Structures are given as C-alpha cells and as structure tokens.
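Subject: Structure for you, with notes

Dear colleague,

I am passing on the structure we spoke about, and it is placed just below so that you can look at it while you read. My notes come after it.

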Amino acid sequence: MQSKMKESDPILEVENLFASTDNLPILKGVSLTVYPGEIHAIMGRNGCGKSTLSKIIAGHPSYNITNGDIKFSGENINSLEPEERAQSGIFLGFQYPIEIPGVSNLEFLRVSTNARRKFLKKEELDTFDFEELVKEKLELVKMDHAFLTRSVNQGFSGGEKKRNEILQMALLEPKIAILDETDSGLDIDALRIVASGIKKISNAQTGIILITHYQRLLDEIEPNYVHVMADGQIIKTGRSELALELEKKGYEWTDNFIK
Amino acid sequence: MKIIEELKNNKLIDNPTEIQKICLHKLQSNPLPNPKSELWRLSNKSKFSNFLDHSLNKENPKLDIPYPKNPQSTIRLIIGENCQIKLTEENYSIQQLSENELNKYIKEQISFFDQNENWSDLLNLSLNCTKNILGLKINGSKIPPIEIFSHASSNSLNTKTLVIFLEKDCDIELLQVNLGKENSSLSQSTFLCLEENSSINHGVVSYGEIRSNLLNSLNVMQHKNSEYNLGSLHFKFNYARFEIRIRQSAGNAKTNIKGMQITKKDEQISTYTKMDFNGPNGFLNQINKSLADDKSHAIFEGSIIVPKIAQKTDASQLSRNLLLSNLAQIDTKPQLEIIADDVKCKHGATISQLNEEELFYMRTRGITLPEASKLQLSSYFQEIISFIPVSKDRWDLLDKLLNEN
Amino acid sequence: MVNENLVQDVVKEPYKYGFVTDIETEKIAKGLNEDVIRLISLKKEEPKYLLDFRLRAFKKWQKMKEPDWAEIGYKQIDYQDIIYYSAPKQKEKISSLDEVDPKLLETFDKLGIPLTEQKKLTNVAVDAVFDSVSIATTFREELAEHGVIFCSISEAVKNHSDLIEKYLGSVVPASDNYFAALNSAVFSDGSFVYIPKGVTCPMDLSSYFRINSGDSGQFERTLIIAEESSSVSYLEGCTAPMFDTNTLHAAVVELIALDDASIKYSTVQNWYAGDEEGVGGIFNFVTKRGKCLGKRSKISWSQVETGSAITWKYPSCLLLGEESVGEFYSVALTNNLQQADTGTKMIHIGPKTKSTIVSKGISAGNSINSYRGLVKIGTKAKGSRNYSQCDSMLIGDQASANTFPYIKSQQPNSEIEHEASTCRISEDQLFYLQSRGIEFEEAISMMVSGFCRDVFNQLPMEFAAEADKLLALKLEGSVG
C-alpha cells in the first residue's frame, strides 16, 4: 500500500527548514514529506517547535524563514501570503482558535468557503446555498445550527472551538490539514466526534499532519508515520508503534536521540 | 479669526436678543478659550482659526436632505427651515417652547456656564438669532421617532441651537444629524432636559464634506430615574469637536454613551465628555472608539466626577483606539475624580492596530487581508452603530464608511 | 458605615521620627541670590564649570514661573525665607567614622540606620545625608574592590570630575522645570554611584536623607551611572523632624543606563507630613528621571510614599535604546490633609521598548491622592508596548482619589493598555477576616498590604519588610 502512495507526487515537502522569530531561532533544520493519503503525527514537548512549524507552513507573519523551503504540490510557497496558502488548500487547525468578537460565524465561514471555491473555480455560494452546505457539514461535527449566529469562537467552550475548526476544515476541503493539538482540552466524547469528523473529511488525495502530545488521538486516527521533535528538529521518525513506545517511556527517553 | 474681530467690535449682531446680549457680554471680555486648558491644549490652532474665518450666515438656504424619504411615522425637522410644529395627539404632544419658556431655560443654563468649558455654547448663543433656535416640549407616550437636521452651507459659519424639554414619564427616540457642506463651519449647541422617569435614545450623526468644520456641544440634564442613551458618530470633518456634558442632578439615573470617530487625511476630530454625578446611585457605561488613518489626529478626553454625595455610583469608561498609519496620532485621557468611597469606578484605554492574530486566523481560512481588515473594522464599529437609534438602518452607514477607504 | 470612624482612627498614627537632633550647625544666611550660589560653590571648593552650571540654572530659574497646573493647593513659598546651606559643624577633614560627631551617629541609630563598624547593616552600603551634607558612606573599600564608586556627590566633584561634567544635567537639564532649575542652582549634596562595565554591584546601595533644621531647604542631587552590562539596586529613605513650618525638599535624581545595564531605584519616603490640621510638613517637589540610553537597558522605579505634606513627583524613563525597559511601581498613602500628585512618564523613543506602570493609591482623611502619568509612543518606537494599572483605595468619604493618565501614540505598530479602578475595604471583607479571629486593625492592615502586594513584590527584601511595617504603623491605632 505504501509503495502505491509514493507513485503520486508529494503534497507537502518541507526541506531543511530554519526559522526564527525576533531573531530567536526556533526551527533548526526540519525536513518532512507528506504524500496523498498519508497521516503523519508530530509529537514532542512544549516548546520543541511543533506549533511553530504548523504556523510557518500556514504563513504566520511573525516568523522568518532563514533557510530551507516549503513546497506545496511541487511549488515553493515560502513567500505566499497566508490567504493564498489557504485558498490553494493548506488548512491549519489552531491549538487556540481565535475569538473574533462582532464577526458572525456564518459570515466568516461563507466568505472563507467562497474564497476557496473561487480558487477551485467552483461556483461561489450565495447565503441560501451556503446555508444548505453548512447544514450538511454541521452533522459531521454534531454542532448545533445556533453556533452559526454567534461571533467567531466567542464564548465557545474549548470543545466547541475545536469542533468549529473541524467544521471549517470540512467546508474548505483542504489538500493538507495540519491539526495543532486538536485533541487538547477535549473530553472523550468530543474527541471521538472530532476524530470521526477528521476521518470522514480525509481521503486518498489528502494529507494530514496531527500535532499532539498524547496517544489518545492516535488511538482514534492511526498515523502512518510518527515524528518526534526536540529543540527545533525532528530527532526520530517511526511507525505508529513509536507513539506507543513514547507514551510508555516518556519524553526523557527521546533525549537520547538528540544529536 | 474674522468672527472674533467682528464680535469684539460689536459689528456682528444688529438687534441682539436678551440671550445674545448676555453671551456677547461674556465673550467680549474673554473672546477665545484658553489654549493651554485641558479642553483646548490639543486642538489644532490653525484649524480652529479656520473655523472662525468664515463670515456668519444670516440667510438659510434650503437643505436637500441626502437621505431616503422618511416613512410617514417619523417626524422630521430642519432647524432654521421648518421649525413650526404643534402636534397634539391622543397619546402625546410635541410643541414649541414659547419664547418666554425658552429664554428662561437658556438663561438658567447660562448661569451654570464656565467661560472656558462652555465657550462653544457661548459662541453659539451669541451668534444665533431666534429663527435658528428650535425649542421643543414633549410629553406623552408612543411618540414617533424624531429626526432633527442641522446643516452648514458652503463658505459660511452657521449656528443652530436645539432645546428639548422631555416631561415626566416620557420616552423618545431622537436622531440628530449635523451636516457640513464643503468649506463650511457649523456651530451646534444642544440642550436636553430629562425630567423624572423619562428616557431618550439619542443618536448623533455628524459628517462633513471637504474642509468642513464642526463645533458640536451637547448639554444634558438628567433628573431622577431618567435614562439617557447616546450613540454618536463623527467623521469626514476637517476639524470637529464633540463636547458632551452630562449632569445627573440628583443621581439615581442611568447614562449609556457609545461614541465613535473616524479621522482620515489630515483631519482632527476630538471628543470631550464630562460626567457629573450629583447624587447617589448614578450609573454610567461609556465606550468611545476612534480610528485614525493617514495623517489625522483623533483625541478623546473623558472625565468622571464623583463627589461625596454620589455614593454607590457605578461608572465605567473605556477608550479604544485604532491607529492605522505611521503619520497619524491618537491622544486619549480618560480620567476619574472621586471623593465618595462606596463607588465602583473604572476606566481603561487601549491604543493599537488591528489585531494581528485575528487577521492571521481569517487569512488561514483564505480571506484576503483587505477583506479580513474590513470584517474586523466592521465588527469594531458594529457595537457603536447598532446603538444609534431610529432610521439608521436605511442609511447603510457602516457600509458607506467602510467602502470609502 | 459602622466601621468608618474606626478606620479613621486606625490611620491616625503619630509620626515616629519627629525628633530634632541638637547639634551645632553651620548655616548661611536666608535668601537666594548670585552671591549665595557663589558661596555654596566656594564652600564646596567646586571647579569653575560647576559654578557656571549653577549660575546658568539660577538665571533660568529667575525667568521661570512656579507651576500651578496640578490639583495642588499650598501657601506661596517665599524663596527668600529659606536657608540654602546648612551643615553640622565637624572637623574639617574626616578620615574615619570614629571622627563623626557621636550625636549624628546616634541620630541615624535612632532612625534604624546604624553606621558604625560594629553595627552597620551587613548587606547594604549606606550614604547618610544630614541636612545639606553627606556624613558618612559605609563599605567604601569593599565596593572599591569591584570598581564601584559610591560616595557623596561633593566628593565625586573632587575625585571624578570627568564623570560629573559629562553626566550632571544630562538627564534632567537645569531648564527642565522650576524646581529642577532651583536644585541645579543650589544643590548641596547627595549621592554618586558609578558601576563599571560588566559589574554586578555586590550589595544594595542606599542613601538615607535626614532633614534636621527647620528653616533650611533640602536640595540634594543624585547621579547614578551604570556602564555596559552592569547592574545595581539602590535604595533611598527619608525622614524629618516635626516643625510647624513647611520645609522645601527639591531633589533631582538622574539615572543613566548603558547597553544591557540595569538600575533598580527604590524609595521609601516618610518625610514629616504635618499635623492633623495640615500645619507643617515637607513640600516634596522632586524631579527623578532615568535615561535608558543603551540597548536592552532597564530602569525600574519603585516607591512607597507615605510622608510629606505635599508630594509632587513623577519618576520617569526615557526609553531611547532599542528594546530598553522602563518600570514604575508605586504605593502612595495619604492621610489628614496630605496631598500627593505622583505618577510617571514613560517616553518611548527607541524601537521595541517596553514599559510597565503599577500604581496603588490609598487616600484617607481629607487627603487628595492623584495619579498623573504620561505614556507616549513616538514615531520611531516600532513594536513598543506599555501596560498601566492604577488602582485607588478610598478610606472614608472625605478623601479624594484622582486618576489622570495622558496617553499618546504616534506609532501604529505598538500597543498601549491602561486600566484603572477604585475600591474600598468592604464590610464583608472585614467581617470575614474578623470572624476568623483577626483583630480589626490587623484586618485593615492585611487588606491594605494585600492591595499593595504587586508593588511590594518589586521592592528589595529589606525594603519590602520596611514598607509593610511603615504602612502598618500608619494604620495601627494603639501603637504608641
């Protein structure tokens, strides 16, 4: 099965990436390739750089790439704006989804969905058609219609915010989704809802990167590869068993691999 | 400062009324505000002097109201044009104050004036003849919304005065619109008196054309159990001052203020508010938002005064400011003066640009930077706009504002 | 309301440092003119540049007007009725502490600042200033080993003239304000600190100011220079006897921090505040300013202001160096007819500069306690931030608490956040503490001290304890 995947071109290639913020180096040579249909997990302690990696792939303006490349569908995207990346199919699920008081969730979802559809040369949806589409996607994450009328993430519980992220993923139909600690702050039921949502959205053409601390999300969604990050680098890569070993032995164990 | 010269030489007013005489007398001894005082220190001197350079408009050309025709239910009045009104309906009555009533009330107001603080009112009342003063007495219930327009014609200084006396248990929606034509100066003074148990939802929308100036002074007296809600919007003036003085005469009243000012190019717009609690159990919730772009200057100064008598006052004031350009500047000074000890008072101020994390979040969802900024600005303003009453919905104010970028 | 009077009683505490030391002093005649300035300069054997500095300042002062803008009311000061130089008579040259008049040592002993070798504080070097002159500085040799200079400013004028000439008046120019000009003309003594490159000062440095004579003004001058990558913590304490006249204290403090240097300046001000009717007390009109000249330099002011009839001071930071940091932590307690108008100015000039302001005002009696602060972010201060928090506590319904923050920004890529609130000690809180067996006075003192916690945490250990004690003293009813 693995070899079959590799016949197609990679979706995302991160090549020897160095990045810093405020002159402080955060990433120190990260390489990672994701092919269609693959699920990668990135694990590591707080501060190891895994969240930063996700933000840099999404184009956060506070970080500078000092060396290396990020390629998406074979094209270098180092200098693309965040919205250009999103429109072309990169999705970042935030660890802490931002609250935007006053901006209605429905309006926000519609504008972003249409931006992606426009890129895909699909017809943009009017309010009426969009409502239909949203209704269907709401089912995936078991969210109530009432969420749409509230301000973006404002006053949402931790679980509601994460489900709202998956709803956005469902609407935007990305080629690659990077989910930053989507499991954190979720109780077991919410975790199942989120995990089943992710599984339904992904398919043989999409890639997924799960950034997580814990095994429990990986129990729901089995990764093809597990990478362990420390001090801005990927220090070990393995199959899903690596995550189990890590869970058993703790992160101290990985300190042995730091070069 | 042509007007001031003429005023000093007594050349301006031919047959001054009693009120004009009193105010002229006060002004002649001390014709200009103290430029070093807190109220005037940041005021742009050349813009201020430009305000006073126009000659006084004694005519009153007809105003084409650039707004959708009002529905039947709304009462629309234009100061200086159709001030004749006498409505006596089953539930309510709206009538003009008699000259005596008006004089008595204005004289009483003048006795409270501070030369510097009320300079704008002194100027207004000195220059204003009877036909540009609208005085109303309102009572009853189920009163239709009222719209009142003041406007300044090009190349002249125009003065308009509005006095509203709201009787007991009465509540109204009042929208006041101040329009400045190209190259004009408008002096608008408003006096509102809220009797016991009355309430006003007051909207003030002021906007001008190129090189227009505005001195907008609002004096509100609130008696017991009254509620005063103000939503205001000032934009597109080369120079504008909005001065608000509210006094809760015996406390036990509610005041909500939500104001907004937008400056672009090299405009200067300032808002001054003074909230005086003269009795216990007063309530104030105020938020003032400004946005400064290009080379403009936005100013907010708010003061809350809580004397010993005003126990159990609950007052909060927030000044939020967006600074969008390297050449623009923002000054803000919310202040508290408190003697009573059993009070809840707080204020806050922030100056920043648009929230970068919010922008990034929207951009990762494919929304372009200009769109994301627009969404953010519209949410920033929505809180204020939604507080302006009456027919504002017909105007699409917000869209208009945001699309003029 | 039941407890209001009790609270009032609790804050009435007699001043403990009101004694006068009976000592022979050398004073010059009252009044101020060029000759007086020449005489001061002559007595201190000053070089010509310093005399010129004084005379220029005097000329400027004569042209200036006493400020009247603050919410402060006081009787006009007669500047010709003040003695501008007063010094305890001593032997001409003192080579060791043993030669200091025992009465002076006893005075400082009584104030809790023992100076003698046997008793001196073990971890703080002290410069003791009595009226117009510095009496003694402890631990000088130990400091000298590290290259740290800590001496009176008169001595620095003699021994480190180059540093004085370079830095004196470089942060607070003589023309800055009325009282700074007066100080520049007539300053008598004060402390001088120089921390060389790369040195972390091995102990806290401290100056203790004591006004003894009733009719002389005190005009001390402090200058602290921290060279690259050095750091120092400096403490300042003040007391004065009780007189029924007002004494003018117009000091100037200048701090300079170069690249990566940090200066922490803490003050516990307990000048005599006047009696309950507002008779007597010190007029404390002080100009304190620090210049963060270097990159990543840091100046931190913390103050506990409990004394003086009138306090009028705004310890400020000019943030010039990239990524420099300014901090201001203040507790001001006013009672009876005291007036305090205090706060800070944070002037952000360089990029990525940061400032923090935490101010706690407690007003009791008929006092007026105002916070007045300026935060300004200039056009070049890209990426700068300020956070200010100003809280007031009112005790009784006669005291007033004012907050006047002036906020100005000219740089869109920056953030300013200001918050202010008022509160009082609620009966519920008191009752809760009392129901747990805590005495009423203890409860008040606990709550006031809790209210000030954020500031006390910033004070050096020794000082924090002193400050807590000082507030407790002011708030304790029965302690005699």
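This is a predicted model: local features need pLDDT of at least 70, side-chain atom pairs count only at pLDDT 80 or more; totals for chains, interfaces and linings use all residues.

**Chain B as a whole**

The secondary structure of chain B amounts to eight helices and 19 strands, and its C-alpha trace spans about 65 × 45 × 45 Å along the principal axes. If one takes the contacts in chain B between residues at least 6 apart in sequence, 83% of them join residues at least 24 apart.

**Where chain B meets chain C**

In the contact between these two chains, 29 residues of chain B touch 27 residues of chain C. On the chain B side, the elements that contribute two or more residues are β18 (329–338) and β19 (344–352), and β18(B) gives the most, with ten residues. By class, the residues on this side of chain B are twelve nonpolar, ten polar and seven charged.

**C:I416**

This residue lies in strand β24 (residues 414–423) of chain C. Is C:I416 buried or exposed? It counts as buried, because 28 C-beta neighbours lie inside 10 Å of C:I416, where 20 or more are needed for that label. Leaving aside residues up to four places away in sequence, C:I416 touches B:T350 and B:I351 in chain B, together with C:V375, C:I377, C:N386, C:I407 and C:S409 in chain C. The C-alpha atom of C:I416 is separated by 6.1 Å from that of C:Y387, although the two residues are 29 apart along the chain.

**Two helices of chain C**

Helix α3 (residues 48–63) and helix α8 (residues 178–186) of chain C pack at an angle of about 145°, with their axes 7 Å apart, and α3(C) passes α8(C) in a left-handed crossing. From α3(C) the residues involved are C:F53, C:R54, C:A57, C:F58, C:K60 and C:W61, which meet C:Y178, C:A181, C:L182, C:S184 and C:A185 in α8(C). Sorted by class, this contact has eight nonpolar, one polar and two charged residues.

**A sheet in chain A**

Chain A holds an open sheet of four strands in the order β2-β1-β4-β5, with antiparallel pairing. Its edge strands are β2 (24–34) and β5 (75–76), each of which pairs on one side only. Seven bridges join strand β1 (residues 12–21) to strand β4 (residues 64–72), which run antiparallel, and A:V14 stands opposite A:I70 in β4(A). Helix α2 (residues 50–58) of chain A packs on this sheet, where it touches β1, β2 and β4, and the direction of the helix makes about 75° with that of β2(A).

With best wishes

Key: Residues are numbered from 1 along each chain as its sequence is written. Chains are lettered from A and ligands numbered from 1 in the order in which they are written. A residue is buried if 20 or more other C-beta atoms lie within 10 Å of its own, exposed if 12 or fewer, and partly exposed in between; C-beta atoms are placed from the backbone. Two residues are in contact if their C-beta atoms, placed from the backbone, lie within 7 Å. Axes are lines fitted to C-alpha atoms, for helices over the stretch in contact, and angles run from 0 to 180 degrees between N-to-C directions. A crossing is left-handed if the near helix is turned anticlockwise from the far one by less than a right angle, and right-handed if clockwise. Ala, Val, Leu, Ile, Met, Phe, Trp, Tyr, Cys and Pro count as nonpolar, Asp, Glu, Lys and Arg as charged, and the others, Gly among them, as polar. Two strands pair if DSSP finds at least two bridges between them.
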